[in-house]
Amino acid sequence: MGSDARLADLDDGALARRVAEAGRAPDSAAEAELYRRLAPRVRLYGLRHLRDRQAAADLAQQVLLMTLERLRAGEVREPAKIASFVLGASRMT
């Protein structure tokens with residue numbers, strides 16, 4: 001529980017950096033926390049633009065999977081701006 005409490009104290013950018021620094025050996029706890037925080041935002045974006053709950057859920061899953069893969073590969077230039085990255089990916093998807 002202590003580790004989870006510490007993750008909850010980190011901002012989105014710090015979590016994204018932690019995922020990126022873990023590289024190919026995933027930090028599952030940090031990834032889960034980042035997903036938990038960002039998925040509702042992507043779903044709301046999807047609902048607003050797609051007007052379909054299932055399509056919005058699919059969008060969230062697709063965008064966040066791609067985001068985690070990019071973070072692991074070190075392909076996100078500014079992890080501190082992860083929310084902006086995710087919103088942009090949502091638009092493009």
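The protein exposes about 5,900 Å², and carbon and sulfur atoms supply 50% of that; the areas come from the Shrake-Rupley method with a 1.4 Å probe, and for residues only the protein chains shown count as cover. Keep in mind that this is a predicted model, where local features need pLDDT of at least 70, side-chain atom pairs count only at pLDDT 80 or more, and totals for chains, interfaces and linings use all residues. Residues are numbered from 1 along each chain as its sequence is written, and side-chain values use heavy atoms, leaving out hydrogens and water.

Let's start with the overall layout. There are 5 helices and 0 strands, so the pattern along the sequence reads α-α-α-α-α, with helices (H or I, at least four residues) and strands (E, at least two) taken as DSSP runs numbered from the N terminus. The C-alpha trace spans about 40 × 30 × 20 Å along its principal axes. A compact globule of 93 residues would have a radius of gyration near 12 Å, and the 13 Å found here agrees with that; the radius is taken over C-alpha atoms, and the globule rule is 2.2 Å times the number of residues to the power 0.38.

Now for how the chain packs. Of the contacts with a separation of 6 or more, 54% come from residues 24 or more positions apart, a contact being heavy atoms within 4.5 Å. Of the 93 residues, 35% count as buried, where buried means under 20% relative accessible area, exposed over 50%, and partly exposed in between (1.4 Å probe, protein chains only).

In soluble globular proteins, nonpolar side chains tend to be buried together. Here the largest nonpolar core has 20 residues, of which L34, L38, V42, V63, L71, I82 and V86 touch the most other members. The elements giving two or more residues to this core are α2 (12-22), α3 (28-50), α4 (53-72) and α5 (82-92). A nonpolar core, in this sense, is a set of buried Ala, Val, Leu, Ile, Met, Phe, Trp, Tyr and Cys residues joined through side-chain atoms within 4.5 Å.

Leaving aside neighbours within four places in sequence, I82 is in contact with D12, G13, A16, L34, L38, T67, L71 and V76. I82 and R17 are 65 residues apart in sequence, yet their C-alpha atoms are 9.2 Å apart in space. One of the partners of I82 is L34, and L34 in turn touches D12, L15, A16, L68, L71 and I82, with residues up to four places away not counted.

What about charges? There are 16 positive and 13 negative side chains, and the centres of the two sets lie 5 Å apart. Lys and Arg count as positive and Asp and Glu as negative, without His or the chain ends; each charge is placed at NZ of Lys, CZ of Arg, CG of Asp or CD of Glu. E31, in helix α3, is buried at 9% relative accessible area and touches V19, P26, L68 and R72, again not counting residues up to four places away. R51, by contrast, counts as exposed at 71% relative accessibility. R51 is in the loop between α3 and α4, and its phi is near 55°, a positive value in a residue other than glycine.
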